[in-house]
Amino acid sequence: MVQTVSQQQHELNTMKSIEKNDFPDIINLNVGGHYYVTKRSTLTQDSESMLAVMFSGRYDIDKDSEGRYFIDRDGAYFGYILNFLRDNLELPPPSVSVQVYKEAQFYQVQSLIEKLERNPHVFAMKLDEAKKSKLGNSFVKWKEVVVSTAQLKSMKELTTSTRVNLLSKDDSVNLFECSECIAQMNHSIVVSSSSKNSIQQQQSYEKLKQRLSNSDVLVDISRENMELFVHLLKDELEKEGYSCKAWKEEIKCKNVRMFYGIAVEECGFCLNEYYMAFEWVLPQHAKT
């Protein structure tokens, strides 16, 4: 949304405010190299929209070499905006609903925005954004850290596949604060993976502490939000064309304090370690 607002401001800043601009009834438009012809009354149909402001007559709008009014924006989906403004009924096909929704936001066509927000694809996108907002600004920051760490690791090792392990700072603190087991026993560590066909593994606490002290990425996201972060990260990277997998390993102590043969207390030591595995492959047409 920040980029959209800045683009809107840029578009408005490029228009010169004048006393009166008499637009013709028929408007020829060049929207980022896509040409459209429509009535001025269509463009101003939604009086609160950015298009209505642009063609209100209060601004002078740049023209291209052919005399078409120019809007510096990718115009691939602008036709769907026009079609809706013509009768307030026609909606885009589901395959482009998300893209048109973003254009409706840019041009501030509120009636179209409200109708598209009931579209399942648009709702799914908004739900995704709501989940990311729960993480604040952390999602974008740690996404970049995870990807750059994986790429640096692959470049150093010259491998086409690599994996990075992620640990929340909460669990990093727990790793050292929960060093004492119940009943003065040593921790008996068991590692269980969420990946298929995984085998429960045992590990000494000292080796675990040494390994996790050198985690690839120590993520400053709360323990309870780490699973959400990794899930969103995997989904977004796959949409961007990355080949990646993600899984969680639960690390806990299996010790139980017994009293006359009855288990009365379990050790509270429990951590979650996450993994992201990447494959770096060239597309088929780029292979030589």
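Mentor: Happy to. Let's begin at Asn88, which lies in the loop between α4 (78-87) and α5 (97-107). Keep in mind that this is a predicted model.

Trainee: Okay, what is phi like at Asn88?

Mentor: Phi there is near 60 degrees, a positive value in a residue other than glycine. Most residues other than glycine have a negative phi.

Trainee: Which residues of α4 are buried?

Mentor: Phe78, Gly79, Ile81, Leu82, Phe84 and Leu85. The buried residues of α4 pack against several elements, including β2 (26-31), β3 (34-39) and α5.

Trainee: What about Gln108, where is that, and what is its phi?

Mentor: Gln108 sits in the loop between α5 and α6 (110-116). Its phi is near 60 degrees, again a positive value in a residue other than glycine. Gln108 is partly exposed, at a relative accessible area of 32%.

Trainee: Let me zoom out. How many helices and strands does the protein have?

Mentor: Eleven helices and 13 strands. Of the 288 residues in the protein, 39% are buried. If you take the contacts with a separation of 6 or more, 71% of them are between residues 24 or more positions apart.

Trainee: Which of the residues in α8 are buried?

Mentor: Ser138, Phe139, Trp142, Lys143, Val146, Val147, Thr149, Ala150 and Ser154. They cover an arc of only 155 degrees around the axis, which puts them on the same side of α8.

Trainee: Then what does the face turned away from the buried side carry?

Mentor: That face of α8 carries the exposed residues Glu144, Leu152, Met155 and Lys156.

Trainee: And what do the buried residues of α8 pack against?

Mentor: They pack against α7 (120-134), β6 (161-168), β9 (217-219), α11 (223-239) and β13 (270-279). Also look at what comes after the helix: α8 is followed by Leu158, whose phi is positive, near 55 degrees.

Trainee: New topic: how many salt bridges does the structure hold?

Mentor: It holds 14 salt bridges. One of them is formed by the side chains of Lys143 and Glu240, at 2.5 Å from N to O. This pair links distant parts of the chain, with Lys143 in helix α8 and Glu240 in the loop between α11 and β10 (243-253), 97 residues apart.

Trainee: Is Lys143 buried or exposed?

Mentor: Lys143 counts as buried, because its relative accessibility is 14% and the cut-off for buried is under 20%.

Trainee: Which salt bridge does Glu227 make?

Mentor: The side chain of Glu227 meets that of Lys248 in a salt bridge of 3.3 Å, N to O. The pair links distant parts of the chain: Glu227 is in helix α11 and Lys248 in strand β10, 21 residues apart. Glu227 counts as partly exposed at 47% relative accessibility, and Lys248 does at 22%.

Trainee: Where do Lys234 and Glu238 lie?

Mentor: Both are in helix α11, four residues apart, which is about one turn of the helix. Salt bridges that share partners also join Lys132, Lys143, Glu236 and Glu240 into one network. As for Lys234 and Glu238, their side chains meet in a salt bridge of 3.0 Å, N to O.

Trainee: One last thing: which residues make the nonpolar surface patch?

Mentor: Phe259, Tyr260, Ile262 and Val264 make that patch, which is about 500 Å². Val264 lies in strand β12 (residues 262-266) and is partly exposed, with a relative accessible area of 44%.

How values were computed: Residues numbered from 1 in each chain as written. Predicted model: local features only at pLDDT ≥ 70, side-chain atom pairs only at ≥ 80, totals over all residues. Heavy atoms only, no water. Patch = residues over 30% accessible without salt bridge, like charges linked within 9 Å, V, L, I, M, F, W, Y side chains within 5 Å. Areas by Shrake-Rupley, 256 points an atom, 1.4 Å probe, with all protein chains shown as cover. Salt bridge = Lys/Arg side-chain N within 4 Å of Asp/Glu carboxyl O. Helix = DSSP H or I, 4+ residues; strand = E, 2+ residues; numbered from the N terminus. Buried < 20%, exposed > 50% of the residue type's maximum accessible area, 1.4 Å probe, protein only. Arc of directions from axis to C-beta. Contact = heavy atoms within 4.5 Å.
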